[in-house]
Amino acid sequence: MVDPDISINGGGTIIDSLGIEIVGVMSPVSICMLLVVLLISGLSPPPSSSPPVTAATLVYLESPSDPPSQKLVGALLNAAVFIALVTIATFLIVLLYYYKFTSFLKNYMRFSAFLVLASMGGSIAASLLRRFSIPLDAVTFLLFLFNFSAVGVLSVFSPAVPILLRQAYMVVLGVIVAAWFTNLPEWTTWTLLLALAMYDLVAVLTPKGPLKLLVDLASSRDEELPALVYEARPTIFRSPNPPVAAAPLFASSIELQPLPDTPSDERSVADHAVVEIEHASDETSPLVGNADVGRMRESVSGQHSSEIEILETSPLVVNEDVGRRTNGAQGGHASGPEMFDIMRGLRLGLGDFVFYSVLVGRAAMYDLMTVYACYLAIICGLGCTLILLSVCRRALPALPISITLGVGFYFLTRLLLEPFVVGASSKLVMF
């Protein structure tokens, strides 16, 4: 294991090596928040509309006439019930994944994604059509909605779909769910966001946390993390075990896996040598067995081990399976096939997209100044999480820092900054 300072001082910083990956994660987060703000601004509910009865409002349904103490107690009860339901659902998914009910999980998650795109997405689309008075008959609308939902399910769960289309549908899913959560009452929304941030911290970092168990189980099986995550770039996976696509819809953690830094010509030489070995093993006599081919592979990979050093080319390592492989190798080296098995980029859970956007969407119901403050706070929190990621080198929760900063900046802007700026502007005071 190499110290991050060695990579930084050795010529190049973390931003130099992973800047594209970081931008590749922050850009879709920003797009998701922007789309939610536009939806909330264009489809703001009338003041007389009552909040919907959902899983987050099972105990208490907030009313504007209720006193603040009653709203606070009711919001705390709603958040407690919702967190309990999420915890039970996540442990149930861990249990099913532990006993390898992957087919059931895949079908369930496909159905859930289709239901989100068709029902919730269709409701938003119908509201947009009414809001902008766009003429469209019901048959065409239903046909378009069905095709949109079917292509979305295929894009999210099929590895053969282009990565750009998959990323686009992941953002669309985040926008739809976030727009639905913004319809919750105000006190319940803020309490729920803080409760989810604390839950994310416990679920990912504690030894028996549900998301921690899920990550460990996926790493022990050498499989993809069973979660809906946004990947900044295509995944190269050559493990004998196929990846698992099913996952909890709101799995929330940020993860970084090693990036290769070997020049393309050197990698092509190593790959060409391995291909020649495989070709030779097919044409030789039966006396040349798998053991001989394995020794030939080791000799080829040993010749190029100085160019393929995963730990030295990627200072941010968080996948626990990567740590086991690299620590087991001599001198921190890994062979070519192993390197291709673990190449990943930055990955952000869909739940992070949703709740970042919920916070900004709730701020959009107040004014744009608060939206700017919350957006900057969320991006700063995400950047702090990436810095911690380089130190901890493991999967980290992405909600706590960003949500805490976002909520704090919301109330500071609303209670302190906005009265000051509005008062100064009304008296023509310029700074």
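## Helix packing and salt bridges in a predicted model

The crossing of helices H3 and H7 is right-handed. On the H3 side, the contact is made by Pro68, Lys71, Leu72, Ala75, Leu76, Asn78, Ala79, Phe82, Ile83, Val86, Thr87 and Thr90. On the H7 side, the residues are Trp187, Thr188, Thr191, Leu192, Ala195, Leu196 and Tyr199. Sorted by type, the residues of this contact comprise 13 nonpolar, five polar and one charged.

Two packed helices are described by the angle between their axes and the distance between the axes. Helix H3 covers residues 68-98, and its axis lies 8 Å from that of H7, at an angle of about 40 degrees. H3 is therefore oblique to H7.

The crossing of H14 and H15 is right-handed. From H14, the residues in contact are Tyr356, Leu359, Val360, Ala363 and Ala364. They meet Thr370, Val371, Cys374, Ile378 and Leu382 of H15. The residues of this contact divide into nine nonpolar, one polar and no charged.

**The chain as a whole**

The chain contains 16 helices and three strands. It has 431 residues, of which 48% count as buried. Among contacts in the chain with a separation of 6 or more, 76% are between residues 24 or more positions apart.

**Salt bridges**

How many salt bridges are there in the model? The count comes to two. One of them joins the side chains of glutamate 186 and arginine 414, with 3.0 Å from N to O.

Another salt bridge is formed by aspartate 216 and lysine 212, whose closest N and O atoms are 3.6 Å apart. Both residues belong to helix H8 (residues 210-220). They are four residues apart, which is about one turn of the helix.

| Residue | Relative accessibility | Class |
|---|---|---|
| Glutamate 186 | 28% | partly exposed |
| Arginine 414 | 25% | partly exposed |
| Aspartate 216 | 25% | partly exposed |
| Lysine 212 | 14% | buried |

Why does lysine 212 count as buried? Its relative accessibility is 14%, and buried means under 20%.

**Tryptophan 180**

Tryptophan 180 is found in helix H6, which runs over residues 163-181. Is tryptophan 180 buried, exposed or partly exposed? At 31% relative accessibility, tryptophan 180 counts as partly exposed. Which residues does tryptophan 180 touch, not counting those up to four places away in sequence? They are Thr54 and Met120. Methionine 120 is 60 residues from tryptophan 180 along the chain, and the C-alpha atoms of the two are separated by 7.6 Å.

Definitions and conventions. Residues numbered from 1 in each chain as written. Predicted model: local features only at pLDDT ≥ 70, side-chain atom pairs only at ≥ 80, totals over all residues. Heavy atoms only, no water. Salt bridge = Lys/Arg side-chain N within 4 Å of Asp/Glu carboxyl O. Buried < 20%, exposed > 50% of the residue type's maximum accessible area, 1.4 Å probe, protein only. Helix = DSSP H or I, 4+ residues; strand = E, 2+ residues; numbered from the N terminus. Axes fitted to C-alpha atoms, helices over the stretch in contact; angles between N-to-C directions. Parallel < 35°, antiparallel > 145°, perpendicular 65-115°, else oblique. Left-handed = near helix turned anticlockwise from the far one by under 90°. Contact = heavy atoms within 4.5 Å. Nonpolar A, V, L, I, M, F, W, Y, C, P; charged D, E, K, R; others polar.
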